[in-house]
Every structure is written in structure tokens, then in C-alpha cells.
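This report looks at aromatic rings and at a nonpolar part of the surface. The sequence and structure come first.

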Amino acid sequence: MELLTKLEELVLIAVLRLKDKAYGISVFNYIVDLTGKEVSVSSVYFPLERLVRKGYLHTMKGEPSPQRGGMSKRYYKLTKAGVKALKENRSLHETVWKGVSEILKSTEEV
Amino acid sequence: MSKPPKLAKFLLKILSSREKDEAYLGDIEELFHDRAKCQGPWHSKRWYWWEIVKSIPRFVKESIRWRMTMLGNYFKVTFRNMKVHKGYSFINIGGLAVGIACCLLIFSWARYELSFDRFHKNARDIYRLVSEFHSPGGEINYTETNQAPLAAVLKDKYPEIVNSTRALRWEWKVGRENMQFEESIWLVDPAFVDMFTISFIQGDPATALSNPESIVLTESLAKKHFLNENPMGKTVIAGQRTPLIVSGVIKDIPQNSHLYLDALMPIIFSKKAGLNLDEWSGFNFMTYVQLQKGISGKDVEQKIKYVLKDYFPETTTSIQLQPLTEVHLYALGGG
């Protein structure tokens, strides 16, 4: 099982949350709202394409709209493999972080 | 609704090769509109430009990769096709190849033939004298040879004629002791080396042809008989027992010239062979004239056509000028 980078993880979750409305901009906006960080469009775009290459996402073509100057959208959806990867990453995360919160709390007091 | 900068959009659009590129462009545009609402058109336009510029290297790389892939695919299909239709492909491609090769050859050859004598600096102003004979039986003959005094007469009499020279073509045995070969020697007036573009490697062009018993060798002839020795001042034997002093060495005459000769000698030497250079009786000498720059050959030809009548009132012979560049390709006469 491959480790997902933080950004990839974020992106996958965003796609999951956005269900049918996940495309470049919506994912971008979601992440900006969530993290408060001003990431650039490309820094969302690269992980999206990487995940497609890895097989965790698959794409669909959407309707063109005047707001986009007549260009169509590219929608992303999680694949089975993508879901599995997320689940595995989550369990790994839980394993790794088990008991760490307590340690962090105790070092704070010192 | 303000629009995103056209140039930037166009730039990226032409580099877009796949669907996701278009989607990216659309995303950027959407963001542009959002920003335009918040920050105003000027800021959002700047942002747009900046995003585009950032993405250009990526797009260029992808575009190249994509086009190369397509090219590779075309090749694959081509070779696959050829394998399946071997015979037809062979005939088709082979025929094309032969046709193109022939075309190139013909073109090269034609160009070569047409390039004769064009390298001379004065090529456009040099003409060969052609004499038109009317024989008593009514026939008209043309000859490239003329009388001996004609060259000098033309030069003196007509200001349009700037220079003139005669030439004799001899095939003569030349060489050193016991090593003689038949070479093509031209006997010429000293003006010959001025009119035509002849480069002297050794010797002085002004004086090389003053001594009647001297000879000017071309580079290859000098190498042939003298190898690496300096031939200047040395003696070669011509004919049976005629010694000649080497007074100059010239660069070989290029092959695309009708002056293809191996050596030059002064024309006065021909006196020893019995030719009289002041007589009007014989038609033995090729004659070339050089006109003033820019003057039309036809005009001068009209002027000098019947010059012989000044000396021989009953003659029916007239003179024509043949341009140097036509000498190789065209027959004498006409006009």
C-alpha cells in the first residue's frame, strides 16, 4: 500500500465530500476554506492528476459554460482503489497517532 | 462581465493538447471571474496573466511530448502498412525516388551547362567575333576565326570597344627531357589576361607574355612536369626542340569554361610558325572584344558589322558579336 502525501489525502477527501460536484475549482475552494491556506490552483491540480494516474480517481467530462469561456469541466470521482487507499491510510494514521495526543499534552505542561 | 486577457488565453489554448488542459484553462477562467467580482478587473487580469505564465513551461513540455507520440504513431502505421503491401509500396516509393533523382540530375546538368564562362568578371561585356561569309555560290558560312589585324583595328576605331584580344588554339607536345605530353596551348595577346579572369599564382600578369619564347603554365601542368619544384625561369621543351622559359603559373581554368587550356603563350610566337600577324589574308585567329560596361552588344554589332568594307570595298563578309556566355551552348551565326 502506498502512502498518500498530505495534499493527496486532502484532495481525496475533498473529492469524496463533494460527491458529484468535484472538479478543479470546487476542490480548490474546498481546500482553501478548510485549511485557510492560500494554495495555488496548480498545487491542487498536480495531486489530482497524480491520483488519476495512480488509479484512485477517474475523470468525466462536464458541460461547457460561458463562465469558463465555453470550455468544459473535468469532474473527478473516487474509484474503488481510491476508497481502499483512503481507508488504509486512515487506519495507518490511527495506528501511528495512537497515544501521541497524550504525549503531546504532557510535554506542553513542562 | 469582464473578459480574461485574450492574448494570454490564446497562448495557452494553442499549446493545449489534451482534454485536461482545456479543463484547466476553464478552471482558471472561472477563478478569474470570481476574483473580478472581489478585486476588480485590473487585479484579476494580472492574476490571470501570472497563472498562465506559470503554466506555460508545463504546457510546452506536454505539447512536445504529445506531438512526438503522434509522430511515432504515424511512423508505426506507415511501416505496418508497407509491410502488408510490399509490392505496391516498393513500386510507388521506388518510382518516386527514381523520378526525383532524375529530376535532380537533369537540373544539375542544365545548371552546369548554363554556367559556362560566367565566372569571368567582365563576362557580360565580352563578345566573340564571328565572321559571316558569303561564298560566290550563294552559301552563307559562319566562322569563329577572323583576320589577324581585326582586333587592334576594332579597338582603335570604336570607343565602345574597350579591349580586344586574339587567340590561337594549338595542340602541342610540351614537357621536360623525354617527358612530353600533348597539351592544349592558347597563344594570346597580353590583353587576354586582363579581359578574362585569370589568376596568376606566380609571375607578373603584365609582363609574363612579353617574351615570345615564354610560356605560362597552369598549376596542374606545372605540378605534372615540375612536381614540387618552382618552375619559374626554368625551361620546358615544346615540339621537337623548342625551348621555352616558364614566365608564370596560373590557377587552373575552371571546367565550366570554353577556355579550357593547359598553358598560355604570347601570340607573337606564332610568327616562328610562319603566321603573319599583320596580314588580312588569313582567317586564323579567334578574336574577343570587351565592350564598355552597360553598352548593348546589338548596338555595337550594328556599328561594326561592315567594318571590313572600309578596307576591302568589295567584300561580302560581315561581322557579328557573340556573347561570351553563349559561346558554349549556341551555334555560330544567326542574327
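## Charges over rings

A charge is said to sit over a ring if NZ of Lys or CZ of Arg is within 6 Å of the ring centre and within 35 degrees of the ring normal. The model shown here is predicted. In this model, Arg166(B) lies over the face of Phe285(B), at 5.9 Å from the ring centre. Lys224(B) is placed over the face of Phe181(B), with 4.8 Å to the ring centre.

## Aromatic pairs

Over all chains, the structure has twelve aromatic pairs. Tyr45(A) counts as buried, because its relative accessibility is 4%. Tyr24(B), at 1%, is also buried.

The pair of Phe75(B) and Phe79(B) is stacked, because the ring centres are 6.4 Å apart and the planes stand at 20 degrees. These residues are four apart in helix H3 of chain B, so about one helical turn separates them. Phe75(B) is partly exposed at 47% relative accessible area, and Phe79(B) is partly exposed at 46%.

Elsewhere, Trp186(B), Phe192(B), Phe196(B) and Tyr288(B) make up one aromatic cluster.

## A nonpolar surface patch

Phe75(B) and Phe79(B) also belong to a nonpolar patch on the surface, whose members include Trp66(B), Met70(B) and Ile93(B). Together the patch residues have about 780 Å² of accessible area. Helix H3 of chain B, residues 41-84, gives the largest share, seven residues. Met70(B) is found in this helix and counts as partly exposed, at 30% relative accessibility.

Key:
Residues are numbered from 1 along each chain as its sequence is written. Chains are lettered from A and ligands numbered from 1 in the order in which they are written. This is a predicted model: local features need pLDDT of at least 70, side-chain atom pairs count only at pLDDT 80 or more; totals for chains, interfaces and linings use all residues. Side-chain values use heavy atoms; hydrogens and water are left out. Patches are made of residues with over 30% relative accessible area and no salt bridge: like charges are joined within 9 Å, nonpolar side chains (Val, Leu, Ile, Met, Phe, Trp, Tyr) within 5 Å. Accessible areas come from the Shrake-Rupley method with a 1.4 Å probe; for residues, only the protein chains shown count as cover. A salt bridge is a side-chain nitrogen of Lys or Arg within 4 Å of a carboxyl oxygen of Asp or Glu. Helices (H or I, at least four residues) and strands (E, at least two) are DSSP runs, numbered from the N terminus. Buried means under 20% relative accessible area, exposed over 50%, partly exposed in between (1.4 Å probe, protein chains only). Rings of Phe, Tyr and Trp (its six-membered ring) pair if their centres lie within 6.5 Å; planes under 30 degrees apart count as stacked, over 60 as edge-to-face and the rest as tilted.
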